[in-house]
Every structure is written in C-alpha cells, then in structure tokens.
There are 2 protein chains.
Amino acid sequence: MPTNQAVFGSNRLLNLVTDTCRKGFVHHCELVSLNLGDVLYNPGDFIAHIYFPVKGIISWEKQIIGSPYLVITLIGNEGMLSIGLILDVNISPCRAVVRKAGFALRIPVSAFVHQLEHNPPLRLVLKNYAFVAYSQAVQAAACNLFHQLENRLARLLLMFQDRAKSDELHITQELLAQMLGVRRVGVTKAAGSLQRQNLISYSRGNVIIHDTNGLKALSCVCYQSDKLTYANILHTQTNYIADVLPIQLPI
Amino acid sequence: MPTNQAVFGSNRLLNLVTDTCRKGFVHHCELVSLNLGDVLYNPGDFIAHIYFPVKGIISWEKQIIGSPYLVITLIGNEGMLSIGLILDVNISPCRAVVRKAGFALRIPVSAFVHQLEHNPPLRLVLKNYAFVAYSQAVQAAACNLFHQLENRLARLLLMFQDRAKSDELHITQELLAQMLGVRRVGVTKAAGSLQRQNLISYSRGNVIIHDTNGLKALSCVCYQSDKLTYANILHTQTNYIADVLPIQLPI
DNA sequence: CTTGGTCTGTTCGCTACCGAACAAAGTTTA
DNA sequence: TAAACTTTGTTCGGTAGCGAACAGACCAAG
C-alpha cells in the first residue's frame, strides 16, 4: 500500500487545485484499498465517506425494482464519489462497486463538508464535477434508448480502458452484460462481432483491446461526448481558477 | 398577466424558504409569460436567466447526434431551470421547451448568483433540488432501457397531469412520440391500449385522463419513484431548515 | 486424471419496436 | 360546399434483443 504522500496528486480532480489547497484536503484523507467486488455504497445508504480513487475502477449503478442493475458511469481517478454531499444530500442514489482493484483517498463526511465550506477552489471544482456527472447521466438516458448493444459495448470497453490505463481488461462477458443491462448472450454476440473486426480479442475474462481508434469509430457518440463534457467543464474551470489563484496547471 | 405579488408563493421550491428569504429573492425576479413552443434554452447556450415556473409546463430535452430529442423530465411549478448555475456552470446541457403555456418568475444570472451566495436557506433548497434532478436523470437512464412504451407513456401522462393540475391535456400523439423518443405509430398503439382499458380518452390533441389510479398502476415504477425522491429529499430538507431557522412549513 | 466450476458459443421461438407507406376521420380555410 | 390540413388508424416486412435451454471449452482442485 502506497502512502498518502506517494499518491498525492494522483486524482485528477484534486489536481485541479493548488498544492496548498490539495495538501489541506489530503491531510484529512485516509488511503484505503479498493478490492474487487467491494461495495462502497448501496442505494439508500447514508454516506459516511467520500472517495477519490487514485487507481482502480468503480461502477456507479442504478437499480429499478424488477430490473437488474445498470451502470450509469465508471469512475476512476478522473472522478470522485459520490456527488451527493456536494448538494448537501448524504444519501446514495446508486450502488458503487469496485470493478478493478486499486486505491482511493477516503475522507469522512464531516471533514469533507468542512473542507467544502472552507476550501473555495476545491468546492468550485467539485461543483463543476457534479455538473459533469449530471450531464453524463442525461447522456446515458438517451444512449440507453437509442443506441445498440454493439456500440454501447464498445463505449463501455473504452471507458474501462481509459480508467484502467491499460489495453488489458479483466472482465467477463457475464459482467459486461450485467453492467449494460442485457443478457450475456447479447454480449457474446456483440463481443464476437468486435473480435471479428479485429478490434478486440478475449478469452475467459480477459479482454485485450487491439484497435482503440477502431473501437472509437464503432462506439456511440456518447463516449466522445462524455469526454468532451468533462474536458470542457473542468478545463474551463481550471482556467478560471488560474485567474483567481495563480497556479501551475496539472498535466 | 398576474403581478409578482399575485404569484408570490406559487413555486414550490421558493415556498420552501421563509417569506423573508423568498421576498428578497422574488424582488429580483421578473414575471414572464411562457408561450407554447417557446424555447428557453438550446443545448450549449450560455444561460442568461433562471426560471421558476408558477404555471405551465416545460420539457427538458436531450439530443444526441443522429437521434431525435428525448424528454428527460418535465418541469412545472415544483421545479426550476436550469440547475447548472447551482453548480457554477452557465451552459445548458439540454433544450427547454414550453409544452403548456403559463408564467414563470425569471431572474438574471448575476442576481441569481448573488442570491445563491447571500441566501443560505435558498441555496440549500436549490442544491437539494439539483440532487433530485440528478437522481431523476439516473432514473430516466434505467427507465429508457428497461421499460416498455405503454408504461412510459402512462408515466409521461401522469407527469403532465401533475404539473398541469388538470385531467385534460392538450397534446398530440405526434408530440408524445417525440418526447418519448419513439415513432408516432408506437404512441398510437400504446394510447389505443390505454383507451381500451378506460384509463384515458383522446381525440385530436386532447387527452382526458379518466382513471388516475389505473394509470399509476400501469405506469412504470419510475413515476412514483421520482415523486418519492422529490418528496424525501426536499421534505427532509424542509425539516432541516426548520431546525436552523424556525419557519412555518408550506403546505 | 477426473471432477466440478466457470466462461463462452449457439439455437429456438417470441416480442417490442423500427421505417415506410397509405387510409380515414376530423378541423379549418376558402 | 369544397379544398387543404392535421390528427389518428392500419399494414407491411424487418431487426434487435428477450427468455430458456443446452453444448463445448477451459481451468483449478482433489
């Protein structure tokens, strides 16, 4: 397990504020490991801790009665969870499950709320991130209605790739099906199609992405759209902060 | 056109704060009419005004490239739009179209931001409302994937009924189809089914709801779910405010 | 090596919705 | 009254994904 110091600056949201701001915040955080399958929140849970992943992937899943869970988004070190507290609500609307092991900076709600109040640059970043999360939920609503499984699968794989920072994903078709809200058979067909197009290959829970650009071309526009939203909103923000507090920009 | 005074207290969100808080806020508002078909925002627009409907219905619609617009939610006097500014983002992610004429209290962004900063009880309510909007977008994402047209139509009609405060809705099947993101033929079939079950009747753009409870039974759980979310989050909130600032609760 | 478990492939009939096209009924305008 | 338009009804073939069931391939443990 790395130290707080070692992961300092490994979460892209926290990176958007000055070293000083970030230092004050991270001081209240504890570094915890994210183990595959860990459930960080269940729907309706009162939230005790806020997580800023530095490595690993968490899926953010909605369940409606009578239907299986469905992934709304994946969260890696570009994000945090959950946004509720930013809006003064300490109930989780979704389930959060670790889908790739890693680490996260974890802060208790009380300290988080205090930081929100006394750390304006961080508050700004997090509010903006909450907006991004909202936009992506709206995007998902339309995507789920209009786009076909093969394209949605391509999108999901790309989202995994981005957050895993690797072309090799450890994930079965069964799990992909659950996340996409479809049957495993559907994923077998779609994944078979992707493989025949030489975009990916897979066997027994190991997916290898061979042609990222090909996947992008096949994925629905929602993939690029979500990335653009993130970049636009949080980059604009970075510039804004730069005006107020002269900081060196992160990578 | 009624006066500011006459509609004072006609928006349920503004009603959640004390008379004093509300008065200070409404003082900066202008009462504007919402005419059928008016487009208040287009996606990507910079936001100049924030709206608090007191009468009428606005649809909040997402478009993704290559697909038609799709309604994410309807907004009446229980809500406001858009939530972006609450998160310090003044870009609209969606289109907002007046679907039933009425009135709204409109406030310029500058005044709104100032109020947010200096009116903590209102800020709290609006942040909570933003959370509700987020939860409902997440709900819509799952609903659009899992639920069938007939159930989604029933839900949409109930949402109209609630906000119109009337059993008679002026809306064609063509428009319903656009809002649901399906073909008009699909709505004809679904609406025909509802009519055969004596839940509604309609002719040439006039829908009459005969059996609200029947519609509720047929609508997907998302209808009740959304209402519960709204009630829980904003009611909890009301109590919370009551602890801080002793106020008389609204209806 | 065998057994049992996990993962992937395939098939069957079925349903919801699609796109396109046209018909019929009601409403407004001339 | 006739013509133009809007709204609703119906039909056609096609497709994406459903539920259920089973077969084969691969892996790990005994």
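Which residues are the closest to DNA strand C? I looked at a predicted model, where local features need pLDDT of at least 70 and side-chain atom pairs count only at pLDDT 80 or more, while totals for chains, interfaces and linings use all residues. Residues are numbered from 1 along each chain as written, and chains are lettered from A and ligands numbered from 1 in written order.

**DNA strand C.** I found 19 residues around DNA strand C, the closest being A:T172, A:Q173, B:Q148, B:L149 and B:V182. Near means a C-beta atom, placed from the backbone, within 6 Å. This surface divides into six nonpolar, eight polar and five charged residues. I noted that α7(A) gives the most, with five residues.

**Helix pair in chain A.** I then checked α5 (residues 149–164) against α7 (residues 184–196), both in chain A. Helices are DSSP runs (H or I, at least four residues), numbered from the N terminus. Their axes come within 9 Å and cross at roughly 75°. That makes α5(A) roughly perpendicular to α7(A) (65 to 115 degrees). From α5(A), A:L149, A:E150, A:L153 and A:A154 meet residues of α7(A), including A:G186, A:V187 and A:L194. I counted seven nonpolar, two polar and one charged in this contact.

**Core.** I looked up the largest nonpolar core, which has 168 residues. Such a core is a set of buried Ala, Val, Leu, Ile, Met, Phe, Trp, Tyr and Cys residues joined through C-beta atoms within 7 Å; buried means 20 or more other C-beta atoms within 10 Å. A:A137, A:L157, B:A137 and B:L157 touch the most other members. Beyond four places in sequence, B:A137 is in contact (C-beta atoms within 7 Å) with A:Y134, A:A137, A:V138, A:A141 and B:I72.

Definitions and conventions: A residue is buried if 20 or more other C-beta atoms lie within 10 Å of its own, exposed if 12 or fewer, and partly exposed in between; C-beta atoms are placed from the backbone. Two residues are in contact if their C-beta atoms, placed from the backbone, lie within 7 Å. Axes are lines fitted to C-alpha atoms, for helices over the stretch in contact, and angles run from 0 to 180 degrees between N-to-C directions. Helices (H or I, at least four residues) and strands (E, at least two) are DSSP runs, numbered from the N terminus. Angles under 35 degrees count as roughly parallel, over 145 as roughly antiparallel, 65 to 115 as roughly perpendicular and the rest as oblique. Ala, Val, Leu, Ile, Met, Phe, Trp, Tyr, Cys and Pro count as nonpolar, Asp, Glu, Lys and Arg as charged, and the others, Gly among them, as polar.
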